[in-house]
Amino acid sequence: MIPRTSAGHTVVYDGDCAICLRFVEYLRRRDPAGTIKIIAYQDDGVRARFPWIDPARFEEALQLVGPGSAPRDTWEGARAIEQLLRVLPRGPRLSWIFRLPLARPLFAWGYRNFARNRRRFGCGHCSLETACD
């Protein structure tokens with residue numbers, strides 16, 4: 001289990017995905033102190049900074065890199081969300097859901113299917129400041 005401090009954690013997301021951008025805005029609201037670093041995988045130097053992450057994995061799922069910045073301190077997709085809940089302020093209140101029987105495999109299945117189709121679900125014409133009609 002990772003410590004409940006988020007210092008040093010980095011979220012790597014798809015900066016071209018409307019849903020990912022909305023999720024990042026949500027994360028920023030939940031972490032007003034900015035203790036979690038949030039970067040798009042398209043940013044310069046990201047692949048060099050995290051060479052153990054296959055570049056194709058960035059496109060497929062959210063990545064969370066812990067303070068250790070090593071392969072063993074990296075989570076992807078549904079596991080990344082679970083770990084984020086453990087380090088975000090008030091997140092531990094929700095992390096109990098992963099202790100329910102079948103919660104992890106069901107959430108992982110749901111995340112994979114949603115991520116695979118995320119561009120269909122995201123409103124490409126909407127900006128973060130406006131709501132969809």
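Glutamate 60 is partly exposed, because its relative accessibility is 42% and that class lies between buried (under 20% relative accessible area) and exposed (over 50%), with a 1.4 Å probe and protein chains only. Its side chain meets that of arginine 57 in a salt bridge of 2.5 Å, N to O. A salt bridge here is a side-chain nitrogen of Lys or Arg within 4 Å of a carboxyl oxygen of Asp or Glu. Arginine 57 is partly exposed too, at 30% relative accessibility. Both residues sit in helix H3 (residues 55-60), three residues apart, about one turn of the helix.

The model is a predicted one: local features need pLDDT of at least 70, side-chain atom pairs count only at pLDDT 80 or more, and totals for chains, interfaces and linings use all residues. Residues are numbered from 1 along each chain as its sequence is written, and side-chain values use heavy atoms, with hydrogens and water left out.

Now the whole chain. It has seven helices and four strands. Their order along the sequence is β-α-β-α-α-β-β-α-α-α-α. These elements are DSSP runs, numbered from the N terminus: helices are H or I with at least four residues, strands are E with at least two. Of the 133 residues, 40% are buried. Contact means heavy atoms within 4.5 Å. Among contacts between residues at least 6 apart in sequence, 60% join residues at least 24 apart.

The structure holds seven salt bridges. One of them joins the side chains of arginine 79 and glutamate 82, at 2.9 Å, N to O. Both lie in helix H4, three residues apart. Arginine 79 is partly exposed at 38% relative accessibility, whereas glutamate 82 is buried at 2%. Glutamate 82 also meets arginine 86 in a salt bridge of 3.1 Å, N to O. Because they are four residues apart in helix H4, about one helical turn separates glutamate 82 and arginine 86. Arginine 86 is buried, as is glutamate 82. Shared partners join the salt bridges of Arg79, Glu82, Arg86 and Arg104 into one network.

Next, the helix pair. Two packed helices are described by the angle and the distance between their axes. The axes of H4 (residues 78-87) and H6 come within 8 Å and cross at roughly 120°. Axes are lines fitted to C-alpha atoms, for helices over the stretch in contact, and angles run from 0 to 180 degrees between N-to-C directions. H4 brings Ala78, Arg79, Ile81, Glu82 and Arg86 to the contact; H6 brings Arg104, Phe107, Ala108 and Tyr111.

The loop between helix H5 (92-95) and helix H6 (103-116) holds tryptophan 96. Tryptophan 96 is partly exposed, at 40% relative accessibility. Leucine 102 lies in the loop between H5 and H6 and is exposed, at 60% relative accessibility. Most residues other than glycine have a negative phi. Leucine 102 is not a glycine, yet its phi is positive, about 70°.

One more loop runs between strand S2 (37-40) and helix H2 (46-49), and aspartate 43 is found there. Aspartate 43 is partly exposed, with a relative accessible area of 40%. Aspartate 14 is 29 residues away from aspartate 43 in sequence, and 9.8 Å away in space, C-alpha to C-alpha.
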